[in-house]
Amino acid sequence: MTGYVLYLCADRVSLYRRSTDGCFLKFDEFTHDAQSIGRFNEIVAQWGGVAAKIILDVVEEEFQVTTIPHIRSGSARKSILERTLKRAFRTSSFTYAQRQGRDKDGRKDDRLLLCALMNEGVLVPWLDVFLTHNISIAGIFSLPIVSAEMVQWIGLGQGRGQRRTILVTTLESGLRISFFVKGRLKISRLIALDSVVAKEAVSVSRSHVLAEIEKTKKYLGRLRLLSTGDSLNIYVVSDHRSEELFSALGEVVHGDTYAAVTATELANALQLGIKNSNQDCESLFIQFAGHRELTNHYARPDHMRCYMVRAMKRPLLATCVTALFAALVFSSVNTLNAWQLGTERISLQQKIERLGKQHMALLSAMPASDINAQNVKSGVEAIDILKNRKSTPLPEMLSISKELSAFKAMKVDLFRWQGDQSRAIESTRESAPVVVPVDPTEIPDASIGGDALQERVDVVTLEGAIEPFKGDFRGAMATLQGLSQRLNSYATVRDVTFIVTPIKNGVSGEAGGRVGMDVDGPGSQSKKFSIEVVFGNSRDS
């Protein structure tokens, strides 16, 4: 926020300070001498971090209207502008170019307003004081260009029939006459006070104003900015002292329409919120420049370095706060996701532990068989079963364990489970009692024909021995057949196959399948067997 406005004119320098109600009041006044600059230096040294604006209202300011080729490239356009300004104002380092549209005919070049401060000695001593104390300079502004922005703000001179407008402002330093086309500044003149009326006079007269307007019209004609017969809308902005002199300017003089506007009326139209009803033109420009964000005219980047750093503090702080808030939200989301993942992992570990306990409990519940636990799916290996939603051997093991408990002579050495297998299963099967002959060679083939179907099944292989074995082949086979019939009674059992039986020279049982050789020898106290049980969908379904 701007705290001070420095108003520079030819014979004096005024310093305005923002009051508590937001208005800028005159704080001090100086002259162009070393003593005043020293006193100004002492005041600026106490400012701290307050920003300031500088307004120039001097005779040594020059204006030109020209055109340049229309170029879209930013770097090429900037280079052309720099060369144009250097060619127009060779001795000035304070220059400014304003684009004012394009020509309608020909190449449609860009129209430019060029302006420069030709006497840098008016500005540099005061500017050096600001730079010495690292004061934030919000910009160096030309009062005529500020008046152009003020005219555009209220729409003065932009209506139908008001293409050409002259704005006359009465200041203590003189009479400022500015010419506008469609609200855009083309030229501005400052007539010093001593050339119009004596300095001790309280105001300028109407005749002097009309005379200077006529001189300005002739000057515009020589610059080809005004043709013969072109009518003008002339607005005279006066302060409370000269208001009576221009109150009758509502007439048409030589085809030009005159209108008088007070500084207070213009301040109300600009919505500056000024309560003082006795505003002068100088204070009007100060209030407008202090309250509005205007485009910088003459200040170089090194002049505005401190101001740009301070101006970036608020958006940088807002960006940092936004980034911090986003980081907190992102961190909270990640924390929530991590908590959810941790909860799911704990739940998975608990399921695995429960599955492992069920396996161990199942093994301990099989007193009639010695099962090798390494060949059964362990709790750690069951992670894949849970993740892939595969079936587990628990129902099959429970079924087999229950039936094995009825056959004390059967000792199981190995329990192998293979889940999700594809097998050809007999589509029809009839259960019938099996008669085991005395002579093993008379046992008929129990294979039952049928159409083979492909089905996803679970296969359980039992390997063990019947002991003690006292040479009773009939009893051994009856034990195996009994287990086969009991397993076949389950709706989920699709097939029971004897892979190896105690019978020597190979005989088939009701369950069907190949019979192996008696590898244990005739004098062995145990006879090995191997049974394959296929589990599938219920036969009733």
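Biologist: Are phenylalanine 30 and phenylalanine 40 buried or exposed?

Modeller: This is a predicted model, and in it both phenylalanine 30 and phenylalanine 40 are buried.

Biologist: How many aromatic pairs does the structure hold?

Modeller: The structure holds five aromatic pairs. In one of them, the rings of tyrosine 4 and phenylalanine 27 have centres 6.4 Å apart and planes at 80 degrees, so the pair is edge-to-face. Tyrosine 4 sits in strand β1 (residues 2-9) and phenylalanine 27 in strand β3 (residues 24-30), so the pair links parts of the chain 23 residues apart. Tyrosine 4 is buried, at 9% relative accessibility, whereas phenylalanine 27 is partly exposed, with a relative accessible area of 35%.

Biologist: And what are the ring centre distance and plane angle for phenylalanine 30 and phenylalanine 40?

Modeller: The centres are 5.4 Å apart and the planes stand at 75 degrees; planes over 60 degrees apart count as edge-to-face, so this pair is edge-to-face. One aromatic cluster is formed by Phe30, Phe40, Trp126 and Phe130.

Biologist: Turning to charges, how many salt bridges does a search of the whole structure find?

Modeller: As a general idea, side chains of opposite charge can pair when their charged atoms come close. In this structure the search finds 14 salt bridges. One of them joins aspartate 109 to arginine 107, with the closest N and O atoms 2.8 Å apart. Aspartate 109 counts as buried at 10% relative accessibility, while arginine 107 counts as exposed at 62%.

Biologist: Which parts of the chain does the salt bridge between aspartate 230 and arginine 164 link?

Modeller: The closest N and O atoms of aspartate 230 and arginine 164 are 3.7 Å apart. Aspartate 230 is in the loop between α5 (206-222) and β12 (233-238), and arginine 164 is in strand β9 (residues 164-171), 66 residues apart. Aspartate 230 is partly exposed at 22%, and arginine 164 is partly exposed at 24%.

Biologist: Where are the partners glutamate 212 and arginine 189?

Modeller: These two form a salt bridge, with the closest N and O atoms 3.5 Å apart. Glutamate 212 is in helix α5 and arginine 189 in strand β11 (residues 184-192), 23 residues apart. Glutamate 212 is buried, with a relative accessible area of 8%, but arginine 189 is partly exposed at 22%. Elsewhere, salt bridges that share partners join Arg12, Lys26, Glu29 and Glu282 into one network.

Biologist: Which residues gather in a patch of positive charge on the surface?

Modeller: Arg83, Lys86, Arg87 and Arg90 gather in that patch. Arginine 90 lies in the loop between α2 (74-88) and β6 and counts as exposed, at 67% relative accessibility.

Biologist: Now the backbone. What is the phi of lysine 108?

Modeller: Most residues other than glycine have a negative phi. Lysine 108 has a positive phi, near 55 degrees. Lysine 108 is found in the loop between β6 (95-102) and β7 (110-117) and is partly exposed, with a relative accessible area of 43%.

Biologist: Where is lysine 182 placed?

Modeller: Lysine 182 is in the loop between β10 (174-181) and β11. Its phi is positive, about 55 degrees, although the residue is not a glycine. Lysine 182 is partly exposed, at 41% relative accessible area.

Technical notes:
Residues are numbered from 1 along each chain as its sequence is written. This is a predicted model: local features need pLDDT of at least 70, side-chain atom pairs count only at pLDDT 80 or more; totals for chains, interfaces and linings use all residues. Side-chain values use heavy atoms; hydrogens and water are left out. A salt bridge is a side-chain nitrogen of Lys or Arg within 4 Å of a carboxyl oxygen of Asp or Glu. Buried means under 20% relative accessible area, exposed over 50%, partly exposed in between (1.4 Å probe, protein chains only). Helices (H or I, at least four residues) and strands (E, at least two) are DSSP runs, numbered from the N terminus. Patches are made of residues with over 30% relative accessible area and no salt bridge: like charges are joined within 9 Å, nonpolar side chains (Val, Leu, Ile, Met, Phe, Trp, Tyr) within 5 Å. Accessible areas come from the Shrake-Rupley method with a 1.4 Å probe; for residues, only the protein chains shown count as cover. Lys and Arg count as positive and Asp and Glu as negative; His and the chain ends are not counted. The place of a charge is taken as NZ of Lys, CZ of Arg, CG of Asp or CD of Glu. Rings of Phe, Tyr and Trp (its six-membered ring) pair if their centres lie within 6.5 Å; planes under 30 degrees apart count as stacked, over 60 as edge-to-face and the rest as tilted.
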